[in-house]
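The following note sets out, point by point, how the fold under review is put together.

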Amino acid sequence: MTSRRAADPRHMARALQLARRGLYTTHPNPRVGCVLVREGASGEEDEVVGEGFHERAGEPHAEVHAIKAAGSRAHGATAYVTLEPCSHHGRTGPCAAALIDAGVARVVVAMVDPNPQVAGRGIALLEQAGIAVEVGLLQSEAEALNPGFISRMRRGRPFVRLKMAMSLDGRTAMLSGESQWITGPEARTQVQRLRARSNAILSGVESVIMDDSRLTLRADQLKLDNAEQICRHQPLRVIVDTRLRLPLAAACLSEPGRTLVVTVPEHDPARRRRLEAAGAEILSLPAGEDGRVSLPLLLRWLAENAEINELLLETGATLAGAMLDAELVDEMQLFVAPTLLGGEARPLFALPGLARMADQRRLAIHDMRAVGRDWRIIATPEPTSAASPSKVP
């Protein structure tokens, strides 16, 4: 290990800034940035000789881009990397070896890779090559950039972000189900960006039927310079449909990308074949105690079989309440419109069994700000047990 320099936090902050450029494009890989710096002589500024970030799976990692930009000037430089350099051969070569071959003298790492295939091995390779390594600089900021990758590696399930739009009196739709639009265009742009950073969107069949939801990215609402490029890769649409009620003409079945309908075994094989012919993929999972699709099992399947890092939950009161009740929601983003829908309108959550004040479900609010005419609240559910399965370290 080596001692920290005063300029280290500034360079690592730049590496994190670079990593954020891959916010919408790297999945299922983590977002990673790298900066190569040659230390200035006494009284002189450091020289940044190379920068890079990982853009998408299968393409070069951040370290490789930075080394290429630096060329021979990488020799003797310090590398600032937001995630431990990989040590294994995947679709690209190991980045730890690339840094060794480039002749860097020192590597500063924000966080150890939670991937069991790496998990300290990259750092060990660097140290065995005589390179000084420091770990843990701006670690919490690096972890916040990759909550889904960390969750999938450490807990075997995606990071679940619940998005809901509601009126000031906590209603999501009229009694008839009419809900478009409660919030304004600025809030809808934020929702599109939540979809863009997610690998999958999870909804319940009742909500999809009511709104004929497309559950897609739309470039005109995303409002980013590379919106068209981002929208070429649509999130996986996942619909919980225990009794296979999804209409064959549902809009989501004709959209680009995949629609996965999740049901229980041996439910109406003929209906299943018709939905598959209409464009759906059908996944049968064992039912939980209530006879419905097991939600913990679904999340585990999505992590193991579809490499889902971040899952956006966009649904109605029933599934949202069930996910909360099972402590499977990691973050809530609630968009509150300055309007009232009245007592007969549909509520935000179906949470049965809350009979006493002692039963209430508390939230920790982390951020609240205006989004156009609406307000966005970012909160996390407080665990109801001493050891919550929802918390990502």
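1. A residue is called buried here if its relative accessible area is under 20%. The model is a predicted one. By that cut-off, the buried residues of helix α13 (residues 317-325) are A317, L319, A320, G321, M323 and L324. After α13 comes E327, which has a positive phi near 55°.

2. The nine-stranded sheet is open and mixed in its pairing, with the order β11-β10-β9-β8-β12-β6-β13-β16-β15. Its edges are β11 (281-284) and β15 (363-371); each has a single partner strand, so one side of each is left without a neighbour in the sheet. Direction ignored, neighbouring strands of this sheet are turned by 25° against each other on average.

3. P147, G148, F149, I150, S151 and R152 are buried in α6. The cover over these buried residues includes α5 (139-145), β6, α12 (295-306) and β12. G156 follows α6 and has a positive phi, near 70°.

4. Strand β9 (residues 236-240) and strand β10 (residues 259-263) run parallel and are joined by four bridges. V240 lies in β9 and stands opposite V262 in β10. Is V240 buried or exposed? With a relative accessibility of 11%, V240 counts as buried, because the cut-off for that class is under 20%. Leaving aside neighbours within four places in sequence, V240 is in contact with L202, S203, G204, V205, V262, V293, L298 and L319. V240 and T263 are 23 residues apart in sequence, while their C-alpha atoms are 6.5 Å apart in space.

5. Q221 is placed in helix α9 (residues 219-222). Its relative accessible area is 18%, and Q221 is therefore classed as buried. Apart from neighbours within four places in sequence, Q221 is in contact with R188, T189 and Q192.

6. Another open sheet is formed by five strands in the order β2-β1-β3-β4-β5, and its pairing is mixed. Here β2 (47-53) and β5 (132-135) stand at the edges with a single partner strand each, so that one side of each is left without a neighbour in the sheet. The twist from one strand to the next averages 15°. Strands β1 (residues 33-38) and β3 (residues 78-81) pair in the antiparallel sense over four bridges, and L36 stands opposite A79 in β3. Helix α1 packs on this sheet and touches β1, β2, β3, β4 (106-109) and β5, with its direction at about 145° to that of β1. Helix α2 (residues 62-70) lies across β1, β2 and β3, running at about 140° to β2.

7. How many residues does the largest nonpolar core have? This core has 38 residues, and M12, L36, L99, V107 and L126 have the most contacts inside it. Helix α1 (residues 8-19) gives the most to this core, contributing five residues. Leaving aside neighbours within four places in sequence, L36 is in contact with E47, V48, V49, G50, A66, I67, A70, A74, T78, A79 and V104. A second, separate core has 34 residues, among them V238, L302, M323 and L328.

8. Rolling a probe the size of a water molecule over the atoms shows where empty space is left. The count comes to one cavity of 30 Å³ or more. About 60 Å³ of space lies in the largest cavity. The lining of the largest cavity consists of T26, H27, N29, P30, R31, N146, G148, F149, R197, N199, N309 and E310.

Terms used: Residues numbered from 1 in each chain as written. Predicted model: local features only at pLDDT ≥ 70, side-chain atom pairs only at ≥ 80, totals over all residues. Heavy atoms only, no water. Pairing = 2+ DSSP bridges. Helix = DSSP H or I, 4+ residues; strand = E, 2+ residues; numbered from the N terminus. Axes fitted to C-alpha atoms, helices over the stretch in contact; angles between N-to-C directions. Buried < 20%, exposed > 50% of the residue type's maximum accessible area, 1.4 Å probe, protein only. Contact = heavy atoms within 4.5 Å. Core = buried A, V, L, I, M, F, W, Y, C linked by side-chain atoms within 4.5 Å. 1 Å grid on protein atoms, 1.4 Å probe; cavity = no way out; pocket = protein on both sides within 12 Å on 5 of 7 lines; lining within 4 Å. Points joined across faces, edges and corners; volume = space filled by probe spheres on them.
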